[in-house]
Amino acid sequence: MNGTHTQFTFVQRLLHWLMAIGILAMLFIGVGMVSTIGRQYVPLLATHKTLGIAILVLAVLRLIVRFISGSPKLPADLPEPMKLAAYLSHVGLYALMLGMPLIGWAMMSAAAYPIVLYGGILLPPILPQSDSLHTLLWNAHFYLAFAFFALVLMHIAAALFHGLVRRDGVLQTMLPVGGDDPSQ
């Protein structure tokens, strides 16, 4: 849904930047987890699980807010292939923001590991125990993390392209500070 406003709402921008920080942290925490068997592993895992569920909740909230509030239109002079790339990259980002935490939760469930978040919150398993399913989900989670990281890098590159090369206002629609759109 596209709106007539020229900037994302404050709530949309807040969710975007909270999630950006969380997702980047998750990617680096994940790298730290798979590269250590030391005493850092357990706290990294607890942080990874908790942050993953927080990102899942924020992604659902973000989709709801986006459906309600819409989004600014892309510049009229933006070539159609770039509009399609923007649309598809956002679909991919949302799919991974929702899919990665769900795959992680399912993976832990299939391994019969308890999903304990900070504060002692225990999540129920969403799949029965299965070694083969755990392996499949672990591989999916691992390789999709690389795809996610690549998509995040492309998203950052596109934002910088719009802000520094095209100077078409697209970057300004999501900046955390700046003039709020009075039509909101």
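How many salt bridges does a search of the whole structure find? I ran the search and got three (a side-chain nitrogen of Lys or Arg within 4 Å of a carboxyl oxygen of Asp or Glu).

Before going on, I note that this is a predicted model, where local features need pLDDT of at least 70, side-chain atom pairs count only at pLDDT 80 or more, and totals for chains, interfaces and linings use all residues. Residues are numbered from 1 along each chain as its sequence is written, and side-chain values use heavy atoms, with hydrogens and water left out.

**Salt bridge.** I looked up Asp77 and found it paired with Arg166, the closest N and O atoms being 3.0 Å apart. Asp77 sits in the loop between H2 and H3 and Arg166 in helix H4, so the pair ties together parts 89 residues apart in sequence.

**Layout.** I read off four helices and two strands, in the order α-α-α-β-β-α. Both are DSSP runs numbered from the N terminus (helices H or I, at least four residues; strands E, at least two).

**H2 against H3.** I checked H2 (residues 41-69) and H3 (residues 80-110): they pack at about 145°, axes 9 Å apart. The axes are lines fitted to C-alpha atoms over the stretch in contact, and angles run from 0 to 180 degrees between N-to-C directions. The contact (heavy atoms within 4.5 Å) includes Leu56 and Leu63 of H2 and Tyr94 and Trp105 of H3.

**Surface patch.** I then found a nonpolar patch on the surface, with Phe28, Phe149 and Phe161 among its members and about 820 Å² of accessible area together. Members have over 30% relative accessible area and no salt bridge, and nonpolar side chains (Val, Leu, Ile, Met, Phe, Trp, Tyr) are joined within 5 Å. Areas come from the Shrake-Rupley method with a 1.4 Å probe, and for residues only the protein chains shown count as cover. H4 gives the most, with seven residues, while Phe28 belongs to H1.

Methods
Patches are made of residues with over 30% relative accessible area and no salt bridge: like charges are joined within 9 Å, nonpolar side chains (Val, Leu, Ile, Met, Phe, Trp, Tyr) within 5 Å.
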